[in-house]
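New notebook page. I wanted to see how the chains meet and how one of them is divided.

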Amino acid sequence: MKRARSSGADAAEAFAIAWTTKSAYIEDDVPKVADDRQEAGLGLRVARGKRVAFTSTTLASASDLRPVIAMAIEALRRVPEDPDFAGFPAESARGEVAGAWDAETAAADIADVIEAATTFTGGVRDRKGASVPKAIFRMQDYAIRVSNSNAVDATHRGTLVFCATTAKVGSKDKVGEGILKALHTSLGALDYAAMGARVAQRAAENLAAKPFKGKMEATAVLDPMDLGEMILQTVGAAANGKNVHRKRSAWIGKMGQEVASVGVTIRDKPRLPRGLASCVIDDEGSATKDRTIVQAGILKGYLSDHYHARLLGVASGNGFRRAVATVEGAYARPAETETSNLVVEPGTRSLEKLIAEVDRGVYIEKFAAPEVNEYSGSFAQEVRNATLIKDGELREHVKFALLSGNFYEGLKKVVGIGRDLVPTHAFLSQPGCAYVPAMAFDGFELVGQT
Amino acid sequence: MTDLLTSAVRELEKRGASFGDVRLEDRSTFLVRIVNEQIQTMNQVRRRGWGVRAFVDGAWGYASGTSNSASAVREAARKATAIARTNAEAGVPKSRLRKMPSRTKSVEPPLRIDPRDVSVEEKIAAAMEVCRAQRMDRISSTTAATMHADVRFELANTWGAHLSWREVRARLFAVPVAAEGDRHESVTKFVDGTGGWEIVKDVDGGAFGREVAAEAVEMLSAAKPPSGLMTAVVDPGVAGLLAHEVMGHSSEGDEIVKARSFLTGQVGKRVGSSLVTMYDDGTYAGAHGTIPFDAEGTPSHKTAIIERGVYRGYLHSLETSGVMKARPTGNGRAQDFSRRVWVRMTNTYFAPGKAPKDELIEETKSGVLTKNWVMGMEDPVGGGFQAVTQSGFLIEDGEIGPRLRGMTLTGKALEILKSVDMLSKEFALDGGTCGKGDEDYVPVSAGGPYMRCKVIVGGG
């Protein structure tokens with residue numbers, strides 16, 4: 001940062017991150033590939049007047065600094081002015097959120113990760129005929145430092161555990177597969193044998209599932225993991241101050257209006273204990289704070305990074321670069337407005353109670369890929385693990401069907417909210433995380449083969 | 001850097017790896033994204049590092065890092081070998097690799113305009129032109145971006161190979177948002193490929209931006225798509241999703257070895273109508289997934305997956321070739337130096353037919369025509385297909401009717417392929433990135449002709 005200023009920048013911001021990764025890949029029930037990776041990188045933002053440039057590099061040694069600074073200063077000469085740029089953050093915070101970094105996880109070696117993977121495999125194989133075609137277990141230990149020319153100098157460290165697993169059952173002619181993901185900040189906190197049992201159960205249900213025929217407009221109870229992704233794609237995008245400022249949000253001009261059912265409250269909680277995205281500073285060094293986005297169905301606030309906070313007249317603290325499934329590549333993009341831990345306030349009902357209240361509907365545990373249009377809210381997703389509900393009871397398992405509807409409209413037709421929060425991550429390496437319970441929606445349509 | 005490679009390979013041999021390799025990458029990426037005619041992001045990224053693999057008793061160990069020192073790479077070679085041994089002790093079934101002839105070769109891509117020779121101002125101006133052209137009534141927000149990636153690879157292995165090559169890709173894209181009342185619609189359009197800055201420069205930016213913005217505005221009055229099983233004329237992008245997501249992923253040799261693919265044991269069997277021929281072709285000039293070598297140093301290859309409706313075979317890495325006693329096809333790919341190698345596709349497509357596209361429409365009494373894809377998802381186990389489109393049109397009595405909102409197509413892939421009864425002569429490939437499950441993204445393309453088939457349609 002100092003060198004950037006002495007090379008011609010008025011102001012500078014440096015984001016440095018170093019991390020280690022240990023992974024084990026299970027294939028056909030055994031650890032097939034394991035790895036141990038280390039990387040560090042630097043993202044550098046420099047400014048001169050209203051001109052701003054961003055460059056980044058892997059950091060192998062101090063000699064990597066010279067080219068990245070030279071590239072940034074050269075870019076400053078060539079970019080047009082940004083009339084809305086008003087400098088880097090000047091306020092920061094110190095401290096740690098409980099459980100964001102776990103000492104035992106950080107100290108784990110590759111054998112510990114392999115052990116977690118083999119425990120999971122044992123859980124799957126406890127079901128007769130079940131096996132693990134592939135699964136990944138990964139642990140990351142990372143540390144960041146953000147400094148800028150306004151004297152912000154803040155640090156954060158965290159641990160992340162990511163598991164993406166499959167199980168299969170059946171014969172050569174007919175196979176059923178289950179898919180299950182899990183995320184945590186602690187390697188020791190997950191029950192790997194129970195995960196194995198659950199994904200094997202999903203595989204068995206998938207094998208037993210019959211193609212759904214016809215159409216049905218019915219209550220849909222959605223499992224938290226995929227629902228979390230749908231909420232990040234819609235609420236996360238619509239409440240994003242960058243999108244609001246750039247007129248790319250579906251919730252522009254809706255402040256104070258009803259955007260969800262009265263039972264729905266959604267907050268961004270960056271200081272959630274053990275939260276995957278938890279930290280006292282965002283990736284610009286600004287202090288984080290809980291924000292209410294939707295209170296009892298009414299839109300109450302937008303999230304913002306430092307740049308857009310001034311333009312929108314809202315608080316900053318949501319400038320992020322780190323994803324929660326992996327921190328890889330965090331240094332290679334500038335901080336932008338993103339959610340931290342987006343939390344849907346849980347209800348009091350268990351999943352069983354939610355289902356018991358449905359006369360006619362479908363419980364969906366897994367979609368092929370949750371994908372909602374962030375602008376219009378429309379979606380149509382193939383179900384992979386789904387079970388019809390009749391008179392409050394789970395009946396036959398179904399597949400080869402689409403659940404379709406409009407998610408923004410669906411948020412106004414929430415008829416039940418579960419009590420157990422499950423974390424999920426945003427698509428790819430995009431920052432953002434959601435903690436969501438199972439929820440029941442009216443107004444969606446299940447379409448099968450006719 | 002050659003010393004670094006040699007040093008790692010010697011260490012792998014010394015530590016007793018039956019096979020090992022080390023791959024260096026030096027990756028430079030430039031991106032400028034302009035929103036509402038203001039630069040939102042201009043990003044220049046340099047990422048360098050190396051990954052070492054060791055194969056011991058049928059198990060793999062990987063280690064990677066970024067340090068420039070030979071001792072760090074040697075230490076990684078030691079670590080990779082030790083990890084492989086730990087894995088093998090956990091009970092990995094015996095596996096084998098197909099040994100490839102050792103070669104020394106260096107490949108430079110054919111570039112008309114090397115992106116390194118293009119000024120930052122020109123790159124910004126190209127995106128700005130596309131962004132400005134999107135300005136029109138009911139467009140609430142405009143976005144355009146240009147990017148290019150330039151990656152240098154160097155690979156050596158314990159069989160004596162020493163290869164170096166360079167991959168350069170460029171992309172231009174536009175994403176306008178149209179709004180009217182409470183309704184918002186967006187359309188994404190892009191041009192990309194392997195090659196130099198000419199990929200962007202050859203595009204008429206003004207026309208490109210206007211066309212995509214007009215389409216977003218048109219989407220504001222698009223109707224909800226019909227739902228159910230129906231005739232669909234799928235565009236080349238959506239045909240490509242069927243090729244890539246279902247038939248392609250399910251033909252990846254590692255899925256076959258694990259018996260996780262519904263295509264296991266299907267070689268020689270009919271899987272589609274006699275009109276259907278499909279390839280994976282890493283040699284396709286200029287396509288986004290084109291590579292001179294895969295991440296194991298195997299030269300890229302054109303592989304027939306389906307010929308006239310009959311299933312022909314699988315895609316392979318060195319390991320799946322060894323296990324299945326097949327020839328490597330150049331499909332062992334990795335996202336980057338720090339990621340593992342999987343069997344992955346390159347450019348995957350259905351071969352074109354002979355009919356003009358309009359004939360497919362004229363001969364369809366009722367159905368839908370799709371327009372551009374958003375995403376697809378693989379289902380190698382079940383053979384199910386899911387493709388989300390940006391929009392489409394109703395077809396009524398052989399004519400294109402009202403525009404439809406985005407729809408999702410689904411069904412069993414083999415039933416869809418067996419229902420194919422017309423293919424157009426028009427053909428296109430769309431570039432993108434492909435993940436294995438949730439991660440490990442590599443550049444690919446997929447495509448084909450306009451294809452008429454029966455499929456389940458649903459829309460939100």
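Here are my entries, one topic at a time.

**Ground rules.** I'm working with a predicted model, where local features need pLDDT of at least 70, side-chain atom pairs count only at pLDDT 80 or more, and totals for chains, interfaces and linings use all residues. Residues are numbered from 1 along each chain as its sequence is written, while chains are lettered from A and ligands numbered from 1 in the order in which they are written.

**Chain A against chain B.** I looked up the contact (C-beta atoms, placed from the backbone, within 7 Å) and found 67 residues from chain A and 68 residues from chain B. On the chain A side, strand β2 (residues 30-48) gives the most, with 11 residues. Strands here are DSSP E runs of at least two residues, helices H or I runs of at least four, numbered from the N terminus. I also sorted that side of chain A by class: 31 nonpolar, 16 polar and 20 charged residues.

**Strand pairing.** β2(A) runs parallel to strand β3 (residues 59-65) of chain B, and 5 bridges join them; pairing takes at least two DSSP bridges. I picked out A:V33, whose bridge partner in β3(B) is B:W60.

An automatic or database assignment sets the domain bounds, and chain B comes out as domain 1 (2-219) and domain 2 (228-459).

Note on methods:
Contact = placed C-beta atoms within 7 Å. Nonpolar A, V, L, I, M, F, W, Y, C, P; charged D, E, K, R; others polar.
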